[in-house]
Amino acid sequence: MPTIGFIAYKQRLFQYFQPFETHLDLEQRISRAIRQGYLHRNPMKKEEVMRIHESYKAIKDGKFLKTYQTEAKRTAAGFTIIGLSGIGKSTAIERVLSFYPQLIKHQEYKGKPFHFTQISWLKLDCPFDGSLKGLCMSFFSELDRLLGSNYLNKFGAQKNTLDLMMQRMNHLASRHGIGLLIIDEIQHLSLSKSGGSEKMLNFFVTLVNTIGIPVLMVGTNKAISILQSEFRQARRGSGQGDMVWSQMPNDESWDLFVEGMWEYQWTSHFTELTSEFNDFLYEESQGILDIAVKLFMLSQVRAITTGEERITKQIMKQVANDSLRLVKPMLDAMRSGIPTEIAKYEDIRPIDMDEEIEKYKASFDFQDKIRIQKKIQQQKRQKKEQSLLEEVTLQLLAMDFDPKQVESAVKKVFKILGEDIEKSTVLKEAVKLLIVKDDKKAEIKTKKKKIDTINKNYLGRLMQEARQKKKSVYEYFLDKGIIKPPLDEIWEEDENATLVSHTVS
């Protein structure tokens, strides 16, 4: 397949997803969290309406309410997912959330008008600047994206304090019935910008308590020290039990993942999956799914750009050496299995695919230019050959040569002498072939005529001899053996016939 087409289709490989038991467990946890969180948050109940009214009044007064006068039981039970970068945490969460409509617009309830816009889940990515204010602004921005509102401009100004931002988050979470809040990449939160680990942990605890909705926090191993540094936060994050995603073992699950991924090949020649390829891929990726997919894809890129057009172990080794240099120390630590070595690396640095593809781009462009140039040249040759064929054919037909023989002769000249020849040469060689054909045809005709003449003269002479000897022509021809007696023919037939009895019954 053309290299341009491969670059366009490479995103399809990144969409490959193979569900495992872990994903089923995750779906059940998210389902329980959403449903449990909605138990005591009925927007039709008086307590919930009064609570929203209190929150709105606090916003008007510029206050932050840690406790409400209206008693409303909260049953939020979130949990935490910790795992290596590239293991598939975010992808799995997005797949599970895709089963839930994110935005639900209610028009009535039990036959009565009820206009309410419900958000079943809201996913935030921690800002790279690591500030808690940035996280709050991300909350307002995501609501604006979903609802077409203007909350970020209203509530997200830098002059607003963190407490006021949290009060507004609390109010909007109730106002729109948010079922689950997912905070991804929490390892990006900076202790220094957030005011230290204690202030950061207080923020999360207060967020869950005041908003009263389940919060799912997702991060890499780097976030473990933050979440476990204080017991109450560890307990809060373990409402349904923490999920720790480590590297995938080389077992049936890994085989299932590789077998499914291996079908996505865009090289001209399909390479069958062997146990050798399977084990090599695991050894180089150490069960990190993101690295395995990118290694497989980059191997195809190299196979296409080098003209090999098939995946080989040598190509995969070259790609592993060239493209996994940055993550090699971490992978070596994981191969060693020594906890102290693994602890040196809080995170696995992801492979920058845009950077890797850029390395091959020049080769892609060069090969595409060559392919286009070859195609243009081929079209020119075909056009020239067709034009020359027509001109020579017309001239030869004007010489009264047979049309079928003319076409055959001209094509034979092109086949023998090639395409890049002059018109005069084609004409001369074609005429030679046609003349030779005519000479052979005339010679065959002359020989046949001569034979017919000889045969005719010989029989005529025998007839004259028969008349001179006063014999019948028939008897004379019998004597000379020109014709056979009729009884001989019958006898020959009887010899070949089935023997039957001469007895007449």
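Reader: How do you know that β5 and β6 pair, and in which sense do they run?

Author: In this predicted model, β5 and β6 are joined over three bridges, in the parallel sense. Two strands count as paired when there are at least two bridges between them, and three bridges meet that mark.

Reader: What makes β1 a partner of β6?

Author: Four bridges join β1 (residues 79–83) to β6 (residues 215–219), and the two strands run parallel. With at least two bridges needed, four are enough for a pair. You can look for F79 opposite L216, and for I82 with G219 as its bridge partner.

Reader: Why are β4 and β7 said to stand at the edges?

Author: Follow the order of the open sheet, β4-β5-β6-β1-β7, with its five strands in parallel pairing. β4 (122–125) and β7 (243–245) each have a single partner strand, so one side of each is left without a neighbour in the sheet. Neighbouring strands here are turned by 15° against each other on average, ignoring direction.

Reader: Which helices pack on the sheet, and which strands do they touch?

Author: Helix α2 (residues 21–37) touches β1, β6 and β7, and its direction makes about 150° with that of β7. Helix α5 (residues 132–147) touches β4 and β5, with its direction at about 135° to that of β4.

Reader: Why is β6 called largely enclosed?

Author: Five of the five residues of β6 are buried, so the rest of the structure largely encloses this strand. V215, M217 and G219 point one way, while L216 and V218 point the other way, and all are buried.

Reader: Is H176 buried or exposed, and how do you know?

Author: H176 has 7% relative accessibility, and buried means under 20%, so H176 counts as buried. This residue is in the loop between α7 (162–175) and β5 (181–184). Leaving aside residues up to four places away in sequence, H176 touches F116, T117, Q118, I119, L147 and Y151.

Reader: What makes the phi of E185 worth a look?

Author: The phi of E185 is near 60°, a positive value in a residue other than glycine. As a general rule, most residues other than glycine have a negative phi. E185 lies in the loop between β5 and α8 (191–194). At 25% relative accessibility, E185 falls between the 20% and 50% limits, so E185 counts as partly exposed.

Reader: What is the phi of E309, and why does E309 count as buried?

Author: E309 has a positive phi of about 60°, although E309 is not a glycine. Its place is in the loop between α14 and α15 (313–323). E309 has 15% relative accessibility, which is under 20%, so E309 counts as buried.

Reader: Which residues meet where α13 and α14 pack?

Author: From α13, L281, E284 and S285 meet I291, A292 and L295 of α14. The residues of this contact divide into four nonpolar, one polar and one charged.

How values were computed. Residues are numbered from 1 along each chain as its sequence is written. This is a predicted model: local features need pLDDT of at least 70, side-chain atom pairs count only at pLDDT 80 or more; totals for chains, interfaces and linings use all residues. Side-chain values use heavy atoms; hydrogens and water are left out. Buried means under 20% relative accessible area, exposed over 50%, partly exposed in between (1.4 Å probe, protein chains only). Contact means heavy atoms within 4.5 Å. Ala, Val, Leu, Ile, Met, Phe, Trp, Tyr, Cys and Pro count as nonpolar, Asp, Glu, Lys and Arg as charged, and the others, Gly among them, as polar. Axes are lines fitted to C-alpha atoms, for helices over the stretch in contact, and angles run from 0 to 180 degrees between N-to-C directions.
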